[in-house]
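Have your viewer open and follow along.

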Amino acid sequence: MARIAGVAVLLAAFATAQDPPEDPLQQRVERLERELAEERARGEKREQRLAELEGALEKATDALARAQDRRDLEAEIDAYLERKAPVSGDAAPSRLSIGGVLVISARFTDLAGNAPRSNTFQVEERYLRFVYRFSDDVTARYYTDGSLAELEWHHAEWLRFNVGQVVVPFGQFNARSFPDTFDTLSRPLLYLGDEDTFTQPANNPRPVFRSIYSDTGIVASGNRWRDADQLYYAFFVTNGLVGTSDLAQGSGFSDNNDNKQIGARAAYTLANPWERSRFGFGVSWMTGKYDTANSLSYRMYGADFVWVLENLFSGEGSLTVRGEYVYAPREIRPAVVGDPTTFLNEASRVQGAYLLVEVRIDSLWMVYAESDWMARKGPQLTGGFIDPSNTADATANLFRFAAGVVRKFPIGIVWKLEYAFWDFDLGAPDAHRFSTQLVVPF
């Protein structure tokens with residue numbers, strides 16, 4: 001019996017030796033490894049979610065940039081992120097956002113005949129953008145180049161007020177004329193900027209105004225929706241365009257007379273008039289007096305359309321056709337040849353149109369072709385003076401044909417290449433122009 005008890009004691013001792021007590025340090029290591037694996041899994045999910053959001057945001061941004069008169073792009077993007085971003089315990093994002101644009105170009109111009117060529121590098125645009133959101137309804141914007149300095153109150157979808165240095169809502173192009181918003185290299189002839197202007201032959205038509213056309217005043221606008229169809233409307237009161245004996249193409253920070261420019265715009269966009277397409281059309285109008293004597297009037301009437309066919313080229317591309325027409329009559333008072341103190345009351349009528357076709361092959365590549373036309377009907381001037389013995393009206397036409405390629409890089413930089421042929425009238429030499437450009441938004 002004692003022998004059996006001894007064997008039992010030996011077996012118990014052997015079993016105890018096979019199961020040593022657990023080491024607390026080993027347990028800690030194992031626990032940390034498990035927590036690390038769980039954290040890595042959560043990180044991978046977060047990265048996957050962020051990648052999905054970035055892809056969706058890129059598509060939403062492209063769609064909004066092409067939409068009709070959608071100047072509230074920042075608000076749309078911020079609202080999208082607020083709805084879709086994962087909930088985090090971090091502090092709320094800053095109300096202030098800062099960005100900017102840098103536009104660098106090289107342009108080669110060859111005029112026919114004995115006119116000299118020009119070949120130049122230039123920095124066309126360089127400015128910073130400051131946007132501060134006081135609340136969901138009140139936003140301030142300031143661009144250091146002076147093109148925008150406004151306070152916006154978004155009362156509701158159907159009513160919004162912009163006060164200060166505002167973008168004038170005339171026509172389809174001006175609302176999207178910021179250099180990182182429109183896709184072509186050059187602006188339409190109707191709204192040609194200083195960087196696109198290399199010559200202005202006498203009595204040939206000139207732009208109705210330079211874009212970006214912003215002015216000091218107030219804009220009231222809104223949107224009404226019927227399912228996915230959109231009605232946009234705007235009414236504005238600003239200082240207006242300025243000039244002396246003829247209308248210039250820009251405005252000042254203060255008015256040069258007692259008159260105010262008034263105008264309005266309405267545009268309607270059909271979301272699905274045909275399969276995979278959108279169609280929009282709009283009308284614009286504005287009027288005012290431009291001289292210091294408050295006596296010379298101008299008017300502008302515009303009509304425009306945009307048609308977009310989506311899901312082309314394996315679903316990644318699209319076709320966009322834009323067109324616009326403007327008729328701009330105005331009163332002029334040129335001085336008489338040989339007597340600069342005597343003036344004649346005359347009229348000048350400028351009109352023009354453009355047709356732009358944009359083919360987006362995919363999200364990175366686009367090609368386009370554009371045809372522009374402008375005409376001026378009015379008395380012939382010599383050095384800005386009029387011959388009283390010859391006040392009959394004459395018409396001068398200007399045509400431009402352009403084609404280009406656009407490459408968008410994933411980091412946001414855009415490269416553009418364009419060729420344009422300019423056909424001037426009244427004996428002015430024609431021109432061939434080659435341009436390339438980098439647009440760097442940040």
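Which residues are linked in a network of salt bridges? They are Arg 141, Glu 150, Glu 152 and Arg 160. A salt bridge here is a side-chain nitrogen of Lys or Arg within 4 Å of a carboxyl oxygen of Asp or Glu. Before going further, keep in mind that this is a predicted model, where local features need pLDDT of at least 70, side-chain atom pairs count only at pLDDT 80 or more, and totals for chains, interfaces and linings use all residues. Residues are numbered from 1 along each chain as its sequence is written, and side-chain values use heavy atoms, with hydrogens and water left out.

Start at Glu 152, which pairs with Arg 141 at 3.1 Å between the closest N and O atoms. That pair links distant parts of the chain, with Glu 152 in strand 4 and Arg 141 in strand 3 (residues 138-143), 11 residues apart. Strands are DSSP runs of E, at least two residues, numbered from the N terminus. Glu 152 counts as buried because its relative accessibility is 7%, and buried means under 20% relative accessible area, exposed over 50%, partly exposed in between (1.4 Å probe, protein chains only). Arg 141 is buried too, at 5%. Glu 152 also meets Arg 160 in a salt bridge, N to O 3.9 Å, and Arg 160 is buried as well.

Elsewhere, Arg 265 bridges to Asp 304 at 2.8 Å. This pair joins strand 10 (residues 261-270) to strand 12 (residues 297-312), 39 residues apart. Both Arg 265 and Asp 304 are buried. In total, the structure holds 20 salt bridges.

Back in strand 4 (residues 149-156) sits Leu 151, partly exposed at 43% relative accessible area.

Terms used:
Helices (H or I, at least four residues) and strands (E, at least two) are DSSP runs, numbered from the N terminus.
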